[in-house]
Amino acid sequence: MNTIAVIGAGTMGNGIAHTFAQSGFTVKLIDISDKSLEKGMATIAANLDRMVSKGTITEDDKIKTIGNIITYTDIKDGVVGCDLVVEAATENVTLKMNIFKQLSDVCNHNVILASNTSSISITQIGAQVVHPERVIGMHFMNPVPIMKLVEIIRGYSTSDEVTKIIMDLSVKLGKTPTEVNDYPGFVANRILMPMINESIETLYNGVAGVQEIDTVMKLGMAHPMGPLQLADFIGLDVCLSILNVMYDGFKNPKYAPCPLLVNMVMAGKLGVKSGEGFYDYSESKKAEKIAKQFSK
């Protein structure tokens, strides 16, 4: 594999593009607008600058990494000559289905098609594609250039050969691939999201405040980040979407999203990306100030 297409220049997409490019692959970064691509490339440059300042990479490494990335606003043009396409669009079932239908039409049948979905069925995605045995999940963790895990999800039709190729490729990226089967939430979010949801329920029921809940989990359970801060970091809209996928998939009330989470998303309080969630990020992206709604 030499050339990788990444669809989506948002948080996950630009991180995936950065990681492949830094590992020496030619990357075609695709998004619907030049503005999104410019923002994604600016984020990659800023993250590389941070790595240079820490001595993790050299200035030459940074220049080579950026030089390995080409941007496109058209999927058909962007996937030409690619060995692998990694879709990293918004966690929306309809959007992902449409992207994979389009990829099935414009890609050669030997191109591997991967989704960075954190919860949506790989089997369902593969059903949109001619030769579904080449469809697989590559669930990277955020921030992609730093986090080591890649959750590799086998759909019902995913072949052994494709799974091995993607497992080996992940190792070349300096990651630790972990193979899981295709069930709602996979492993990471099947365990993580109920914990986050229960933390929100704990706040909603008045058991403790935002800071107290996060402190208990950080100091008592050795978590590097409290669950409410983590929810803000992930995006409350993303958390809600994943919980809804699991609730629909299992029909089990334990996955039903907390009413407080639903209301916050409807009110546009999405966490870091909107400037407010359980914490106030208007002055700093660090979770240092509790949002006014939850302040005592």
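The model is predicted, so local features need pLDDT of at least 70 and side-chain atom pairs count only at pLDDT 80 or more, while totals for chains, interfaces and linings use all residues. Residues are numbered from 1 along each chain as its sequence is written, and side-chain values use heavy atoms, with hydrogens and water left out. Helices (H or I, at least four residues) and strands (E, at least two) are DSSP runs, numbered from the N terminus.

**Helix α8**

- Helix α8 covers residues 188-204, and at 1.5 Å a residue its 17 residues should span 24 Å. The expected span is 1.5 Å times one less than the number of residues. The end C-alpha atoms are 24 Å apart, which agrees.
- Buried means under 20% relative accessible area, exposed over 50%, and partly exposed in between (1.4 Å probe, protein chains only).
- The buried residues of α8 are Asn189, Met193, Ile196, Asn197, Ser199, Ile200 and Leu203. They cover an arc of only 155° around the axis, which puts them on the same side of α8. The arc is that of the directions from the helix axis to the C-beta atoms.
- An α-helix has 3.6 residues a turn, so residues three or four places apart point the same way.
- Ile191 and Glu198 are exposed residues on the face of α8 turned away from its buried side.
- The buried residues of α8 pack against β6 (135-140), α9 (210-221), α10 (227-234), α11 (236-250) and α12 (259-266). Contact means heavy atoms within 4.5 Å.
- Gly206, which follows α8, has a positive phi, near 75°.

**Strands β7 and β8**

- Strands β7 (residues 149-154) and β8 (residues 176-181) run parallel and are joined by six bridges. Two strands pair if DSSP finds at least two bridges between them.
- Ile153 has Val180 in β8 as its bridge partner.
- From β7 the chain passes through helix α7 (residues 160-172) to β8, in a right-handed β-α-β crossover. Right-handed means that, with the strands pointing away from the viewer, the path from the first strand over the helix to the second runs clockwise.

**Nonpolar cores**

- A nonpolar core is a set of buried Ala, Val, Leu, Ile, Met, Phe, Trp, Tyr and Cys residues joined through side-chain atoms within 4.5 Å.
- The largest core has 34 residues, and Phe20, Leu84, Met138, Phe140 and Ile166 have the most contacts inside it.
- Ile166 is in contact with Leu84, Ile112, Ile136, Met138 and Ile152, leaving aside neighbours within four places in sequence.
- A second, separate core of 28 residues includes Leu230, Ala231, Tyr255 and Ile290.

- Asn14 is found in helix α1 (residues 11-22) and is buried, with a relative accessible area of 6%. Not counting residues up to four places away in sequence, Asn14 touches Gly8, Ala9, Gly40, Thr43 and Ile44.
- Lys64, in helix α3 (residues 59-67), counts as exposed at 58% relative accessibility. Lys64 and Ala21 are 43 residues apart in sequence and 8.1 Å apart in space, C-alpha to C-alpha.

**Backbone details in loops**

- Asn142 and Pro143 are joined by a cis peptide bond, with omega about 0°. Pro143 lies in the loop between β6 and β7.
- His131 is not a glycine, yet has a positive phi of about 65°. His131 lies in the loop between α6 (122-126) and β6 and is partly exposed, at 34% relative accessibility.
- Phe186, also not a glycine, has a positive phi of about 55°. Phe186 is in the loop between β8 and α8 and counts as buried, at 4% relative accessibility.
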